[in-house]
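My plan is to look things up one at a time and jot down what I find.

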Protein chains: 2
Amino acid sequence: MASTELLDATFAALADPTRRAILARLAAGEASVTELAEPFAMSQPAISKHLKVLERAGLVSRGRDAQRRPCRLEARPLREATAWLADYRGYWAESYQRLDALLDEIQAVNQTDTAGRHSHPDGSRG
Amino acid sequence: MASTELLDATFAALADPTRRAILARLAAGEASVTELAEPFAMSQPAISKHLKVLERAGLVSRGRDAQRRPCRLEARPLREATAWLADYRGYWAESYQRLDALLDEIQAVNQTDTAGRHSHPDGSRG
DNA sequence: CACGATAGAAACCACATGGTTATACAACCA
DNA sequence: TGGTTGTATAACCATGTGGTTTCTATCGTG
């Protein structure tokens with residue numbers, strides 16, 4: 001399991017409320033650094049540092065728009081993190097049985113993805 | 001949302017591979033501190049510190065068995081963390097359509113749970 | 001070209017974290 | 001009572017983190 005460091009970085013990135021807020025904001029669409037910094041009582045370099053952490057965890061990627069460096073959310077590491085949590089479905093089942101099948105499905109999706117493709121065979125309800 | 005600090009503590013606790021390993025071990029059943037310390041190239045006080053972090057995040061609880069202080073996994077904070085991740089299902093859907101329905105269901109389960117019930121249709125396969 | 005705006009880098013500070021060793025406390029056993 | 005086992009605490013160290021301010025670099029516009 002070489003993804004240990006990725007999990008480390010992902011969970012560490014998620015452990016800060018500012019960074020979670022940034023991700024929440026990015027879930028609504030791309031944003032520049034200053035746009036991201038606005039709602040926070042914090043300097044722009046501080047936000048840049050947070051973005052670096054998020055970038056290192058692969059949670060955001062950056063583009064180029066003139067001197068702007070727009071950020072966008074990358075969901076893949078979140079998937080890894082969720083997959084790790086899902087590994088506890090066996091234990092969870094003691095208290096939350098209905099989750100069992102769902103998280104089991106997530107595992108299946110992971111393996112499908114690892115195999116190379118995740119074309120949706122039925123494409124139901126998107 | 002007052003659970004910010006709980007999320008902080010939970011994700012921070014999960015960010016360390018030793019602590020994740022401890023949780024993995026505990027998912028298989030209760031264990032004492034020395035039992036938990038054994039597999040690691042690390043002193044017992046170091047493990048105690050990790051346990052303190054896990055305890056502060058509510059991820060483990062401790063019992064009493066003579067001079068042993070057995071640890072057991074507590075899943076509730078993991079649920080909170082997963083719920084947070086699930087909030088991004090809308091974004092995930094762009095790339096991983098099949099997850100959408102699943103994570104959507106998790107939301108439903110959360111609400112059902114809040115309401116009070118979650119009967120298990122089969123409970124098989126662990 | 002110079003200016004203004006956007007963003008990154010450097011240097012610094014306070015504090016948290018992850019580890020160590022040594023010590024103390026608590027509970028059982030002889 | 002004393003010894004042994006299990007665990008927590010203390011003191012300490014190195015490093016990481018989150019913030020600051022200041023400075024630099026890049027890009028578009030006048």
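**Entry 1: contacts along chain A.** Before counting, I noted that two residues are in contact if their C-beta atoms, placed from the backbone, lie within 7 Å. I also reminded myself that this is a predicted model. With that settled, I looked at the contacts in chain A with a separation of 6 or more, and found that 48% of them join residues 24 or more positions apart.

**Entry 2: the outline of chain A.** How many helices and strands are there in chain A? I found 7 helices and 2 strands. Reading along the sequence, I wrote down the pattern α-α-α-α-β-β-α-α-α for chain A. I then looked up burial: chain A has 126 residues, and 33% of them count as buried.

**Entry 3: the nonpolar core.** A general remark first: in soluble globular proteins, nonpolar side chains tend to be buried together. Here I looked up the largest nonpolar core and found that it has 47 residues. Which residues have the most contacts inside it? They are F11(A) and F11(B). I followed F11(A) and left aside residues up to four places away in sequence; F11(A) touches A81(A), F11(B), L14(B) and A15(B).

Entry 4: A15(B) was on the list for F11(A), and I turned to it next. A15(B) sits in the loop between α1 and α2 (17-27) of chain B. Is A15(B) buried or exposed? I counted 20 other C-beta atoms within 10 Å, so A15(B) is buried. Again setting aside residues up to four places away in sequence, I listed D8(A), F11(A), A12(A) and A15(A) as the residues that A15(B) touches. I also looked up the spacing of A15(B) and R62(B): they are 47 residues apart in sequence, and their C-alpha atoms are 21 Å apart in space.

**Entry 5: two helices in chain A.** Two packed helices are described by the angle between their axes and the distance between the axes. I picked helix α2 (residues 17-27) of chain A and α4(A), whose axes come within 10 Å and cross at roughly 75°. The two helices α2(A) and α4(A) are therefore roughly perpendicular to each other. From α2(A), the contact takes T18(A), R19(A) and I22(A), and from α4(A) it takes H50(A), V53(A) and L54(A). Sorted by class, this contact of α2(A) with α4(A) has 3 nonpolar, 2 polar and 1 charged residues.

**Entry 6: two helices in chain B.** I did the exercise again with helix α1 (residues 4-14) of chain B and helix α5 (residues 76-86) of chain B. Their axes come within 10 Å and cross at roughly 100°, and α1(B) and α5(B) are therefore roughly perpendicular to each other. On the α1(B) side I noted L6(B), L7(B), T10(B) and F11(B), and on the α5(B) side P77(B), E80(B), A81(B) and W84(B). The contact of α1(B) with α5(B) has 6 nonpolar, 1 polar and 1 charged residues. I was pleased to meet F11(B) again here, having noted it in the core.

**Entry 7: the surface near DNA strand D.** The most come from α4(A), with 5 residues. By class, I wrote down 9 nonpolar, 9 polar and 5 charged residues for the surface near DNA strand D.

**Entry 8: the surface near DNA strand C.** DNA strand C is surrounded by 23 residues, and the closest are S32(A), T34(A), S43(B), A46(B) and A66(B). At least two residues each are supplied by α3 (33-37) and α4 of chain A and by α4 of chain B. The largest share, 5 residues, comes from α4(B). The classes here are 9 nonpolar, 9 polar and 5 charged residues.

**Entry 9: a look at A66 in both chains.** A66(B) has a positive phi of about 55° although it is not a glycine. Where is A66(B)? I found A66(B) in the loop between β1 (60-62) and β2 (71-73) of chain B. A66(B) counts as exposed, with 5 C-beta neighbours inside 10 Å. In chain A, phi of A66(A) is near 60°, again a positive value in a residue other than glycine. A66(A) lies in the loop between β1 (60-62) and β2 (71-73) of chain A, and A66(A) is exposed, with 5 other C-beta atoms within 10 Å.

Technical notes
Residues numbered from 1 in each chain as written. Chains lettered and ligands numbered in written order. Predicted model: local features only at pLDDT ≥ 70, side-chain atom pairs only at ≥ 80, totals over all residues. Helix = DSSP H or I, 4+ residues; strand = E, 2+ residues; numbered from the N terminus. Nonpolar A, V, L, I, M, F, W, Y, C, P; charged D, E, K, R; others polar. Buried ≥ 20, exposed ≤ 12 C-beta atoms within 10 Å, placed from the backbone. Near = placed C-beta within 6 Å. Axes fitted to C-alpha atoms, helices over the stretch in contact; angles between N-to-C directions. Parallel < 35°, antiparallel > 145°, perpendicular 65-115°, else oblique. Core = buried A, V, L, I, M, F, W, Y, C linked by C-beta atoms within 7 Å.
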